[in-house]
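This report describes a structure by its domains, the interface between its chains, the packing of its helices and its backbone geometry. The sequence and the structure are shown first.

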Amino acid sequence: MVIFSVYVVNKAGGLIYQYDNYVPRAEAEKTFSYPLDFVLKHHDEKVVVSFGQRDGIRVGHAVLSINGVDVLGKNTGDGKDTLEYLKDPANYPVSIRFGRARLSSNEKLMLASMFHSLFAIGSQLSPDVGSSGIEMLETDVFKLHCFQTLTGIKFIVLADPRQSGIDALLRKIYEIYSDFALKNPFYSLEMPIRCELFDQNLKGALEIAEKAGNFGAGS
Amino acid sequence: MTVHNLYIFDRNGSCLFYNEWNRKKQAGISKEEEFKLMYGMLFSIRSFVSKMSPLDMKEGFLSFQTSKYRLHYYETPSGLRFVMNTDLSVPTARDTLQSIYSNLYVECVVKNPVCVLGLSLDSQLFSSRLDAFIRGLPFYSPRAA
């Protein structure tokens with residue numbers, strides 16, 4: 001059971017803290033001959049697989065490195081366009097490493113503000129009176145838990161669907177935030193949290209939650 | 001235990017069918033606007049979830065819950081989306097949504113040559129059978145809610 005990451009969003013939808021606790025490695029490296037077995041395309045400054053799945057390489061995976069050299073966005077290590085490079089039969093055989101693309105800090109900011117509005121729409125479309133926003137969002141590989149404080153700060157935890165005890169963890173993170181971010185004289189409200197004690201205590205709380213909340217019936 | 005309402009969207013985002021059983025609060029906007037808002041929210045959740053996910057997903061988004069209701073989501077490979085809102089005591093309604101698709105939608109709409117696919121469903125057979133199906137669900141009892 002694992003906790004994947006923690007996000008703290010201020011009341012305007014800005015991301016003020018993010019921590020990746022556990023990032024699973026799902027990468028596959030393989031040597032290919034010409035032509036490639038699958039279709040690649042440009043997407044968000046990355047080269048991703050758009051069709052064809054085999055040997056652990058899945059649709060949506062991005063090209064991470066070619067012949068052991070990491071790619072830079074949609075260009076190869078030496079500045080050539082990756083798609084053009086892979087179109088040239090003279091460059092084959094070629095060894096390509098694929099994996100899920102890491103979120104850039106800009107993307108994290110965008111996702112946090114996206115969740116901020118989804119939260120509000122979730123409460124507006126409620127069929128029942130007095131509903132809060134999204135408190136838990138479930139997919140087959142993770143569950144997102146969100147706790148909004150009375151002051152509008154949202155604490156978001158991404159965890160394994162079977163991890164229990166997340167509600168207690170969210171309140172613990174709120175407590176850590178009040179103790180170590182708000183009481184820090186160098187911290188200005190609504191701004192990104194850069195407090196060492198907050199980091200340390202948060203990591204401690206995540207460790208405890210991971211150990212305690214094993215195989216629960218879901219929180 | 002109760003069922004609040006049900007939306008069916010096609011892959012282009014138009015609302016094919018909507019019905020409500022025990023809805024206590026309206027969104028305060030016209031139904032047309034509400035369908036667009038609902039579809040927009042689902043579309044964003046899909047993209048949000050696919051970026052946020054630390055691993056590759058199979059089913060993707062399944063449901064979310066607030067303090068008052070739970071939204072269950074089922075999407076077919078052809079892009080048809082079934083959305084049902086229930087109260088929090090219903091743990092999962094995925095099988096229900098799937099059987100609405102396979103036993104009611106396919107039987108009464110796809111197999112009906114008069115129903116034009118992609119337009120709002122006005123088949124009376126479909127709506128009456130769906131209504132009977134929902135009212136027969138074990139978790140349908142507006143009294144208790």
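## Domains and conventions

Chain A is divided into domain 1 (3-23 + 104-212) and domain 2 (27-99), the bounds coming from an automatic or database domain assignment. Taken over C-alpha atoms, the centres of domain 1 of chain A and domain 2 of chain A are separated by 34 Å.

This is a predicted model, in which local features need pLDDT of at least 70 and side-chain atom pairs count only at pLDDT 80 or more, while totals for chains, interfaces and linings use all residues. Residues are numbered from 1 along each chain as its sequence is written, chains are lettered from A and ligands numbered from 1 in the order in which they are written, and side-chain values use heavy atoms, with hydrogens and water left out.

## Interface between the chains

In the interface, 37 residues of chain B are in contact with 38 residues of chain A, where contact means heavy atoms within 4.5 Å. Chain B and chain A bury about 3700 Å² between them, 65% of it on carbon and sulfur atoms; buried area is the accessible area (1.4 Å probe) that two parts lose on being put together, summed over both. On the chain B side, Phe48(B), Met52(B) and Asp56(B) lose the most area to chain A, together 19% of what that side buries.

Helix H2 (residues 105-124) of chain A and helix H1 (residues 31-52) of chain B pack at an angle of about 145°, with their axes 10 Å apart, and the crossing of H2(A) with H1(B) is left-handed. Among the residues in this contact are Met110(A), Met114(A), Phe115(A) and Leu118(A) of H2(A), and Met41(B), Ile45(B), Phe48(B) and Met52(B) of H1(B). By class, the contact of H2(A) with H1(B) comprises 11 nonpolar, four polar and two charged residues; Ala, Val, Leu, Ile, Met, Phe, Trp, Tyr, Cys and Pro count as nonpolar, Asp, Glu, Lys and Arg as charged, and the others, Gly among them, as polar.

## Helix packing within each chain

In chain A, the axes of helix H3 (residues 166-182) and helix H4 (residues 196-212) come within 9 Å and cross at roughly 165°, and H3(A) and H4(A) are therefore roughly antiparallel to each other (angles over 145 degrees count as such). H3(A) passes H4(A) in a right-handed crossing, and the residues that make the contact include Ile173(A), Ile176(A) and Phe180(A) of H3(A) and Phe198(A), Leu202(A) and Leu206(A) of H4(A). This contact of H3(A) with H4(A) has 12 nonpolar, one polar and one charged residues.

In chain B, the axes of helix H2 (residues 94-110) and helix H3 (residues 124-135) come within 10 Å and cross at roughly 155°, which makes H2(B) roughly antiparallel to H3(B). The crossing of H2(B) and H3(B) is right-handed, and the contact includes Ile100(B), Leu104(B) and Cys108(B) of H2(B) together with Phe126(B), Leu130(B) and Phe133(B) of H3(B). The residues of the contact of H2(B) with H3(B) divide into 10 nonpolar, three polar and one charged.

## Backbone geometry in chain A

Most residues other than glycine have a negative phi, and most peptide bonds are trans. A cis peptide bond joins Tyr34(A) and Pro35(A), with omega about -5°, and Pro35(A) lies in the loop between strand E3 (27-32) and strand E4 (39-43) of chain A. A cis peptide bond also joins Tyr92(A) and Pro93(A), with omega about -5°; Pro93(A) is found in the loop between helix H1 (82-87) and strand E8 (94-99) of chain A.

Asp44(A), although not a glycine, has a positive phi of about 50°, and Asp44(A) lies in the loop between E4 and strand E5 (46-51) of chain A.

Note on methods:
Axes are lines fitted to C-alpha atoms, for helices over the stretch in contact, and angles run from 0 to 180 degrees between N-to-C directions. Helices (H or I, at least four residues) and strands (E, at least two) are DSSP runs, numbered from the N terminus. Angles under 35 degrees count as roughly parallel, over 145 as roughly antiparallel, 65 to 115 as roughly perpendicular and the rest as oblique. A crossing is left-handed if the near helix is turned anticlockwise from the far one by less than a right angle, and right-handed if clockwise.
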